[in-house]
Each structure stands twice: as structure tokens, then as C-alpha cells.
Amino acid sequence: MVYIKNQYIRYIRKKPLSLIAPISVLLLVYFYFFAAHGSSSSSSGNKYSYKKKSRGLFAKNRDSVILKNLPKNHISHYDLNKLSTSADSLAKKEEVLILTPMSRFTPQYWDNIQKLTYEHSLISLGFILPRNKDGDVALKHLEEAIKDAKAANQLKYKKITILRQDTNSLNSQLEKDRHALNVQKERRSMMALARNSLLFTTIAPTTSWILWLDADIVETPAGLIQDLTSHNKPVISANVYQRYEDESTQQPSIRPYDFNNWVESEEGLKIAAGLADDEIVVEGYAEMATYRPLMAHFYDAKGDVHTEMQLDGVGGGAVMVKADVHRDGAMFPSFPFYHLIETEGFAKMAKRLGYEVFGLPNYLVYHFNE
Amino acid sequence: MSFSMSQILSPYDYKDHGKESLNKKAIISSVKTALKSKILYGVVAIIVLVAFVKAQISAFSSPVYTPNFSKIPTVQYFDLDHYDGSANGWQHEERVLFCVPLRDAAPHLPMFFGHMKNLTYPHNLIDLAFLVSDSSDDTMGELQKHLKEVQTDPDTSKRFGEIEIFEKDFGQVIGQGFSDRHGFAAQGPRRKLMARARNWLWTVAIKPYHSHVYWRDADVETVPPTILEDLMHHDKDVIVPNVWRPLPDWLGNQQPYDLNSWQESDGGLSLAETLDEDACIVEGYVEYQTWRPHLAYLRDPYGDPEVEMELDGIGGVSILTKAKVFRTGAHFPAFSFEKHAETEAFGKLSKRMGYSVIGLPHYVIWHIYEPSSDDLKHMEWMASEEIRQKEEAKIKKVYDKVWNKAFEDVQDVWRSEKNMFLKNTDMSNVRRIQVDWSGVDDNLDKQSNDKKLADFSPE
Ligand SMILES: Nc1nc2c(ncn2[C@@H]2O[C@H](COP(=O)(O)OP(=O)(O)OP(=O)(O)O)[C@@H](O)[C@H]2O)c(=O)[nH]1
Ligand SMILES: Nc1nc2c(ncn2[C@@H]2O[C@H](COP(=O)(O)OP(=O)(O)OP(=O)(O)O)[C@@H](O)[C@H]2O)c(=O)[nH]1
Ligand SMILES: [Mg+2]
């Protein structure tokens, strides 16, 4: 042992490089992983340092590559005067952006949009997922579905953008603990932020229509896009129902699901007038009887599917919006706007901007049922 | 490696008994090799450990799952948390979306691009977005000319990131002259229209990977090249500088310009309550007295440029925001929002959404001087006065000359030259010339058959 130790020291004494080399390798490794990535500095103005720093100690951005396939000189030119938004959307090759906030992936949702008959190369998709475990799970499923479709040569969309939310979400456990009405305001405020983040980062200069389609809408007519755009309205909402098995008759049946499509009522306005600035009116709570006519209740199985009705509030389940409405600034308020929030606040803002809001009571789409 | 080596060596040693000395050397060298490889092992182990710890820690600090779509080019993934924007964005490769609305702005563009070239924020991190509306001059042509020039600059660090030019006409009814734009009645509709224009610009231009958004009017004359860093290092959600303008000497050489940056006051709030839903308060007009503290008036030329002031309404000449402000839905209301529209309402809306809105009273940029119609009248008068005076001077010069000429004493000259003039007028001995005019009209008579003579009566 002593011999070896002596050898060791002698060795180092003879060749000091053998010690310095590994130490310097270590230092190099340290700098490579932990310290600044390169240090190109520009000397213009000494007021600020232009040395590049990596964000945080360990973080590495694994997002998609920014700025690729840029045109010559990086300059592109779009004439928005030529953008068309018409009843004849498919024939005029109008582009549609389908936007979906997604906290849960339902395979039926994906199968349903894959079956839409609108030309897929005119469709772009946008998803935003919450920053939590639910989001992780949903994202993995979505990734798999996209890759499977690609492998089967069934992925024809113009573009798909997937975003991870930077704003808060509620944990599903917490949701049950709190009083529903309080939670509703907070939850919908967060949903509004998520919807806006999704909308404004994906709307393109070529987008004519935006279809808001929730991740739990599992069944729609295959001509959904053509059907909704054919009405040529600034904002138009389908009626969201749900399939279930009737316990008494043991027969498959349907029931109304989304109660956020409504017409304002005297009572609703009276309640709103009595509220403090930061309070909201929400549908479906006994303590707040608005007596608003709800589109969900106007469904007539024998009626014309193209029957329109004017609305004052919309839910986000399946709503077609002319992209111009959003470009003019109609967004989802994350705060009480005329005592309304999120999708209902959006309808109000669209109206403030001079647009009309419609619903199709006899045109059904179906919500997931677990 | 060291183990396998010694294993190879040892059977050799036992077989070859005649080479003891060599054997000893071999042992030493084997120890040496073993040591060398041990060190190598150590280094490799440390590298692996470091990589492992790094993976663990990064997994801990950002617990979210990241998909991998590198094989499908039509699919993009972005974690918006990576684009929240920091105080020293230029050191973290944070991209800035630089928005410029343009209308009949061709004359301002050379000055504007002069500023652009000098920006110290790394140009490759700046994405430019222009909206050209209802222009009667060649704003588009000028814009493209300047962009091409800067994007082909031999110094590649002068070139910008992505550039998008959008065209959209809103059919503006109000003229773009100073007093057309600044009359009281024009303000509501004009501000709402301008709000639409601004919204059309940012909504189509902003991408998931933008961390900051900067708004700049084309008609800014003087601005520090470090403007982006100067505003960004305050790390606020929405921040504006003070905006003044230089004036001609006869108007007293400078003046606060942008009155849209203000703090809300009780006066403002009670005025708002008296107005109807669609009314639109605009600052700086006697019709609306709000007694609000204005950023512009709080300037001290010797004050600390770092000083911050909370604002409620802001002007649009130069706004820096975190991109998340727009991303999450703040915009320029094109309707009356809390009795305001456009940039002032943007300030109010951002506040309502919980963002910080800050102004810098002692940090100033300078808007160009554009004369108002009163100024124009005065300037017209000054100009015509100048012309009149010049004309007068010219006339006086001629007049003086004529006057002198007219009163020149020519008596003596006349007396000496008189006889010569009079002599030349005596025609008595001039030669007599005879002309024969007969037959001159014959030709005319012949023609008169087919052509009528001009009706000519001397009386
Ligand atoms: N990005 C994101 N999406 C969410 C979040 N919570 C829900 N979603 C999605 O947003 C859409 C609407 O969600 P909810 O409002 O919960 O759905 P709902 O159908 O109105 O209500 P329930 O289904 O009864 O819970 C669905 O597509 C959800 O998957 C969230 O925190 N972040
Ligand atoms: N795209 C577009 N740009 C506009 C329009 N009107 C003005 N601009 C541009 O917006 C910027 C600000 O315009 P100004 O005319 O100065 O408007 P303002 O700021 O309300 O007026 P000032 O107080 O004089 O600055 C300039 O860059 C103009 O070229 C418009 O209708 N459309
Ligand atoms: Mg201006």
C-alpha cells in the first residue's frame, strides 16, 4: 500500500499534467453544464452588459425551433384586405383554426375532428394544456394520437401548435373542496387566461374562422365547419347536449349539457345591477335565479337544424367565430366584464364591438359522459 | 481496462521466470497504467454524475412533460413559461415583437429607420411588424425600400429577425393633418379606429415565443438607441417614457406632448360617472376637465431618469410590455372601456387584469414638431410676411433705380446731340423709289371663284 502511495505521489511529481489535466477537464465540464453559454459581447454602449446568460442554472429550452423557413431577407407581406370570410367558406378556401383548451384527452374528441369533412389542409389546430399532472397526462396522449395519425399518413392539417400554460390552473382535488360558486369565478378566470393565450399566439394573418371546440366534445356532425360557417355570423354557437342511458326506460337518450348559451333577462340585469363591481352572474345556481332563456331548452327534435336565435352569452363548447371579431379585440375577460366572465364575457365584448351573437338551438353536438 | 490489462500481464509473469527485472518494471508500469485509468474512470464517473444530477434537478425545477415532435415539422410545441420576459432580456435571448402602425408615414420613414439601425438591443432578437393602412402616399414602397436596405446590410448584426408587413384599410374618415386628428369631436371615432388598427397588428403578429412587445410611432424624432434596454430593465408589465416635443423658437422651444399618460383622479372618476356608456374621455381638451396628474407635466429636466410613477392611462408613442400582457388578453379597446378607448383604455384594462402600469417622468423621448392649424396660420402669415417684405425690397430697388433714371439731368447732352438728330430727319435728298403694283391682285381674283374672301370691312 505504502509502495503504491509512494508511486502515486512520485507519478504526480514526475508528470504534474496527469493531475492538472483531469482537474481542468472537470472545470471544463462544470462550465459546459452550469455556466454561461458562450460569451459573445457587443461593446456598443457600456451602460448594459451584453454577455449572454443561460436562464436559471439548469434549465434548457426544449421547445420547437424558433424562426425557421424564413422567406428572403426575412420579410413577408400579407394583404389582410383580401382575407375572405363568407358563407361559402370551403369553396373560397378559407382557413379555419380549431382551438381547444385541454385538461383531459378524450380519444373520441380526436377521432371526431379527424373525421371532419372540411379540407384538412385548410385547418390548423391549437391546444393549450394546464401546467400540472392532468396536463402531462393529456399531453402524452395527444402526442401519441398525433404520432399515430402521422404514421398512418392521416395527419393532413396545415399546422398544429401545442402550448403549455404559464398561468395558473386549479388542481382537480381542490376544486371539490371549495364552495362551487366561489370556485367557478376563479376557475373561469384562469380558463379565460388560457383561452386568450391560445388564441392570440395562434391566430394567423391567413385565418378566416376560429372554431372553439372543447376537448370533451366527442361527437359532432362531420360537416360541422361547413354547417356553422354557412350561417355567416360573427359568432355562432352549437347546442351542447349529452348522451346517457335513461334509467327508467333503459333506452339511450339525450339531455342538455351546456347552460352558458343564453338570452339576457330583466331578472338577470336586475341581479347584475345589485352586484359589486368584482362580482359575477353565473348560470345554474339556485341562489342566483336569472330566469334567462337558455338555448339548451330551445331544442326541438323536429325543428329545422338551421334555426337561429340571438344570444347574449355563449359557452365555449362549440362556437364558430369570425377571426375578425377576435382581431378587433374581442377576448375572454379574466375579470368581471359587465359582471360576466370568460366565454360569456366574450359574447358581451363582441357585442360592445358591434357584432351580433347567435345560437343554433337545433344543431346538436355532444359532450363526453363518463 | 486496468483490470483486464493486469490480468493479461500476470500470466506472462508467472510463465516467464527468466525475466525478473523486467517483471518488476512491468508491475510498476501496470500500477502506473492502473492509476492513469483510475483517474480517467473518476473523470468519467464525475461527468456521468453531473449529467445525472443535472437531469434530476431540471426535472425537479420544471416538472412538466415535454413532447418531442422534431420529426413532424407541422407540429410545434412551446412552453409559454419560457417566454415570460425578464429585466435583462437581451442577455437571455428574449425576443421582442416591435409593432409599428403606419398611415401616410412615408416622410417619417428615413428618420425612423435611422433610429432602427442604431438600436443596441441585439437586432436578431427583434421581430418587426408593420401595419400599413389607408395611405395616399407611398408608405409601402418606402417601407419596403428601407427594409430591404437594412436586411442586406453587409454587417449581419444590423439585420433583424422576422419581419411581417400587413396591409389593412379601415376607411378612415378623418384626415391625417394635425388639426384634423386633434380636434375634440374627432377624438372618439378616431381613437376607436386607431384601436382596431393596433389590435389587427398585434393579434396577427404575436407568436408564442415572444417575451416582450414594443410599440412605436413612426413620428418620433429623438430617442436613445438603448430605449428597449432602458425600459426593459425596470422589469414592469407595461412601461412608457415621457414624450415631449421640440418647438420653434417663436413658440418657446419645447413642450410636453403626450397627455395620454396619466394617473386616475377623483375628478376623472366622477366625470366618467356622468358620461354615457359609449362616451370616450380624451385628455388635454377643455371639454373634459379631469384634474388628473399627467406624466408629461411632472418632468424635471435634471430629475433621475430611473424614477417610476404609477399610471392608469397611457399614450401609444412608445410602449414596452411583457408579451404575456397581450397574450392573456389585454388589448386596445375599440369600444368605450371605463369611458376610454385605445391606448388609454389599454392602460386601464391592463391594470384591471392585475398588471403593473408605469411611466418614467424624467426619461424623455421627443416627438417631431407638427404645427397645429393655428401654428400653420401663424407660420403662413410669417412666411407671407417674409415674401411680402422681400418683394417690397425688390420693388423698392427697381423703383429707386427708375426714380434716379427719371430724374437724370440730360439737358447738356441733349443740347450737344440735338443737331445730329434733327439732321437725320431731313428727307429731301433721299432717293425716290418707284414700285409697279399692277397685276398683284390677279391671283386673288382667280381664287375667289372657289374660295370666298375673308369678310373684311375696315370701318
Ligand atoms: N388549458 C387548460 N384547459 C382546461 C383547464 N381546465 C379545463 N380545461 C379544458 O377546457 C375546456 C372546458 O373545461 P371545463 O370548463 O372544465 O369544461 P366544462 O365542460 O364546461 O365543464 P365540466 O366538463 O363539467 O368540468 C375543456 O376542453 C377542458 O379540457 C385548465 O386549467 N387549463
Ligand atoms: N395602420 C394605421 N396607422 C395609423 C393610423 N393612424 C395613424 N397611424 C400611425 O400611428 C402612429 C401614431 O399616429 P398619429 O397620427 O401620430 O396619432 P396619435 O398618436 O393619436 O397622434 P399624435 O398625438 O399626433 O401622435 C403613426 O405611426 C401613424 O403613422 C391608421 O389609421 N392606421
Ligand atoms: Mg404621433
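Where in chain A does A:Thr290 lie? In this predicted model, A:Thr290 is found in the loop that runs between helix 8 (266-273) and strand 9 (309-310) of chain A. A:Thr290 has a relative accessible area of 3% and is therefore buried, the limit being under 20%. Apart from neighbours within four places in sequence, A:Thr290 is in contact with A:Ser265, A:Glu267, A:Gly268, A:Ile271, A:Val281 and A:Glu283. A:Thr167 stands 123 residues from A:Thr290 along the chain, and the C-alpha atoms of the two are separated by 31 Å.

An oxygen atom of ligand 1 lies 2.7 Å from a polar backbone atom of A:Pro101, and an oxygen atom of the ligand is 2.9 Å from a polar backbone atom of A:Ser103. For A:Asp216, an N or O atom in the side chain is 3.5 Å from an oxygen atom of ligand 1. The protein buries 75% of the 630 Å² that ligand 1 exposes when taken alone.

In chain B, helix 3 (residues 109-118) has B:Leu109, B:Phe112, B:Phe113, B:His115 and B:Met116 buried. Viewed down the axis of helix 3 of chain B, the buried residues fall within an arc of 155 degrees, so they line one face of the helix. These buried residues pack against strand 2 (95-102), strand 3 (126-132), helix 4 (139-151), strand 5 (210-216) and strand 6 (220-222) of chain B.

Methods. Residues are numbered from 1 along each chain as its sequence is written. Chains are lettered from A and ligands numbered from 1 in the order in which they are written. This is a predicted model: local features need pLDDT of at least 70, side-chain atom pairs count only at pLDDT 80 or more; totals for chains, interfaces and linings use all residues. Side-chain values use heavy atoms; hydrogens and water are left out. Buried means under 20% relative accessible area, exposed over 50%, partly exposed in between (1.4 Å probe, protein chains only). Helices (H or I, at least four residues) and strands (E, at least two) are DSSP runs, numbered from the N terminus. The arc is that of the directions from the helix axis to the C-beta atoms. Contact means heavy atoms within 4.5 Å. A polar contact is a pair of N or O atoms within 3.5 Å; within protein, one must be able to donate a hydrogen and the other to accept it, and residues adjacent in sequence count only if both atoms are side-chain atoms. Accessible areas come from the Shrake-Rupley method with a 1.4 Å probe; for residues, only the protein chains shown count as cover.
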